[in-house]
Amino acid sequence: MRTEPRLQAEPPAGAALRRAAVLGGFVLACHTLVQPGLAQSLGDGTAGSGGAAPVAPAPGIGGILPGGSGPGGFGTWGPATGPVGLAPDAGSRPGTIGFPFSAFDQPWDPAQAAGEPTRAVNIQPSVAVDLIYNDNIDATARNKRDDLIVRITPAVLINLDSTRFQGTFSYAPQVEIYTQNSGENRVNQRFNAQGLATVVPGLFFVDARGSANVQTLSGGGGLDEDTSSSRDNLVQTYSFSVSPFAVYRFGSTATARAGYVMTYVNQDKVDSNSTDPFSQLPPDQRQFSFTPSEYTSHQFYGVVRTGEDFGKFAAQGTLSGTTFDGGGLYDGAYRNIALLETRYAVTPTIAPLAELGYETQRFNTVPTTDISGIVWALGVRLTPTPESVIIAKYGRRDGFNSFYLNGTMTVGARTRLFANYSERLTTSALEAGDLLSSTTLDPLGNPVDAMTGQPVVPSFANSTLGIQSGLARVKTGSVSASQSWLRDTFSLTLSHTERVPVADAPGTVTPGFRQESWSIGLSWNHDLSERARLTSFGSYSRTSSDTADDGNTYTAGTALTYLLSPTLVGSLSYRLRINDGGSSTGGVDDGQVTQNIITAGVRQSF
């Protein structure tokens, strides 16, 4: 969205010349990329004929491993996998006894480590060139501007699996060049990375993680939507963490773990000097409450867990203290918790859970947030099949009572169900940091839930709701189902998010306000042939807030991809987005927002 005066439009003749030049350059780039690929495809498909046989990526840390059935690496510890959690009190779940925060309590086998070191490294660089026509680049109801956009995406995917290091690194920045509105040119930083280094086998390790993505400030989009908005309505989020830790096993009696986690998060607008989309409105009518956030947190923790000697009974004690360095809300903030968790396996598939502890929290908000008190939870862990796990709890944490659910279940050989629900006292920036500890990466570098293996849409890449920087009670839940056939895959997802403001950061001009969204999405992947795939999708989102009318967003589209050679892929897609109000349009551009986006592109892997 844009409310500031626009520059004088370029004369039609000049615009036509520029578009013609861009089209010519795009055709030349496609010719340069396609010719080697077509030449390779004329051979018999083997490396000896000049073709590049595709190399299967090495396993990442956790995630859905090639040929594996374990959900999210759960219970699949070995040289190919790593820990499923960075810290013992990850923000997305109340407690950790339901499944291991780490698999390092498995016995270390010196004989296995004594063999020849493995160095399975896969480096897959690529470059994509897309030509995009967007008939409403600002996503506004009035004063629409269209443009022809060239998007260049150089990317690299690295999978490493050795005796000393396992990791996945995916970096794919998007360089977008607008042919008519050069002020909208941008570079969207997008990457995911996780790595585990074994310093002393069986004793000392270092875990490092990072992520970056872009989201619309005002919201009104859809789940995991390809961002299509003006620079002044985009927010870039960076998050990094590094954690050295030690593990010691007391035979089959217990395992102890102690470590330190440093997390850094920076969240700011892509164009920090631009006018805010709703700056013309009074503060109590603006549709967002965002201020740039930057903090560094320091967490020290210790964990002791019982071993095999206790049979069906398991217990875990956790001490954790986190302090924050940063301005505003994070000035002098801290989070501390002491927690005892227990589990008893009544049957091989049913285990009741119980936890009891004490927490203290403080945030520099207006008014100041001070929480201290007992935390508790009662629940159950179900494992109906080896590929299924469900954890459900009800208890008190973050100063309020709430319900927690996370699970996956297989139904037959083709269908998998996912469900999750959680409530947390958090901020948009804290969510970005917590996401590092509650997710792992699949072999392609996509974040998935560490327990279930369900694909995760990062909170800072979900444009359904706008971004707020204050402290809020955030309720999130989703239910999804996927079914796979020989040539077809269907996915259905229902999601709900609610943000209830608790307190504002010092100096906040716009007070926090309640936001809520319901979304449903359906996708269908169909293999037309061994080389061609057709993907169709549709979604509907309904949003509401205290400061705007309810809004409805409809998104639909289709995409055709074709494998021109083992390393070259061409694509053609169309996306339609309609928004009839809500936080992204209310008060400034009342009316219906419509976007038509056509994309043609190629991607060459090397």
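A salt bridge here is a side-chain nitrogen of Lys or Arg within 4 Å of a carboxyl oxygen of Asp or Glu. R542 and D550 meet that rule, with their closest N and O atoms 3.2 Å apart. The model is predicted. Its chain has 606 residues, of which 50% count as buried. The secondary structure comes to 3 helices and 26 strands.

**Overall build**

- Take the contacts between residues at least 6 apart in sequence: 63% of them join residues at least 24 apart.
- The accessible surface of the chain is about 25500 Å². Carbon and sulfur atoms account for 62% of that surface.

**Salt bridges**

- The whole structure holds 15 salt bridges.
- Bridges with shared partners join D138, R145, R151, E176, E184 and R186 into one network.
- Within that network, R145 and D138 meet at 2.8 Å, N to O. R145 counts as buried because its relative accessibility is 15%, under the 20% limit. D138 is buried too, at 0%.
- R186 and E176 form another bridge, at 3.7 Å from N to O. R186 lies in strand β5 (residues 186–188) and E176 in strand β4 (residues 174–178), so this pair ties together parts 10 residues apart in sequence. Both R186 and E176 are buried.

**Aromatic pairs**

- Rings with centres within 6.5 Å count as pairs. By this rule there are 14 aromatic pairs.
- The ring centres of Y260 and F300 are 4.8 Å apart, and the planes stand at 35°, so the pair is tilted. Y260 belongs to strand β9 (residues 254–269) and F300 to strand β10 (residues 293–306), so the pair links parts 40 residues apart in sequence. F300 counts as exposed, at 55% relative accessibility.
- The ring centres of W376 and Y394 are 6.1 Å apart, with planes at 70°, so the pair is edge-to-face. W376 sits in strand β14 (residues 369–382) and Y394 in strand β15 (residues 389–397), so the pair links parts 18 residues apart in sequence. W376 is partly exposed, with a relative accessible area of 30%. Y394 is partly exposed as well, at 40%.
- F169, Y171, F191 and F240 are linked into a cluster by ring pairs.

**Charges over rings**

- The charged end of R257 sits over the ring of F245, 4.0 Å from the ring centre.
- The charged end of R473 sits over the ring of F400, 3.9 Å from the ring centre.

**Nonpolar cores**

- The largest nonpolar core has 15 residues. Y295, F324, L329, Y330, F363 and L430 have the most contacts inside it.
- Helix α3 (residues 428–438) supplies the largest share of this core, with 3 residues.
- Beyond four places in sequence, L329 touches F363, N364, T365, T427, S469, G470, L471, A505 and P506.
- Another core lies apart from the largest one and has 7 residues, among them L196, F205, F245 and V261. F245 is also the residue whose ring lies under the charged end of R257.

**Backbone details**

- A cis peptide bond joins V366 and P367, with omega about -5°. P367 is in the loop between β13 (350–363) and β14.
- A139 is not a glycine, yet its phi is positive, at about 55°. The residue lies in the loop between β1 (119–134) and β2 (147–162). A139 counts as buried, at 10% relative accessibility.
- N143 is not a glycine either, and has a positive phi of about 50°. N143 lies in the loop between β1 and β2. N143 is exposed, with a relative accessible area of 59%.

**A buried threonine**

- T153 lies in strand β2. T153 is buried, with a relative accessible area of 5%.
- Leaving aside neighbours within four places in sequence, T153 contacts S126, V127, A128, A172, P173, Q174 and R603.

Conventions
Residues numbered from 1 in each chain as written. Predicted model: local features only at pLDDT ≥ 70, side-chain atom pairs only at ≥ 80, totals over all residues. Heavy atoms only, no water. Phe/Tyr/Trp six-rings, centres within 6.5 Å; stacked < 30°, edge-to-face > 60°. Helix = DSSP H or I, 4+ residues; strand = E, 2+ residues; numbered from the N terminus. Buried < 20%, exposed > 50% of the residue type's maximum accessible area, 1.4 Å probe, protein only. Lys NZ or Arg CZ within 6 Å of the ring centre and 35° of its normal. Core = buried A, V, L, I, M, F, W, Y, C linked by side-chain atoms within 4.5 Å. Contact = heavy atoms within 4.5 Å. Areas by Shrake-Rupley, 256 points an atom, 1.4 Å probe, with all protein chains shown as cover.
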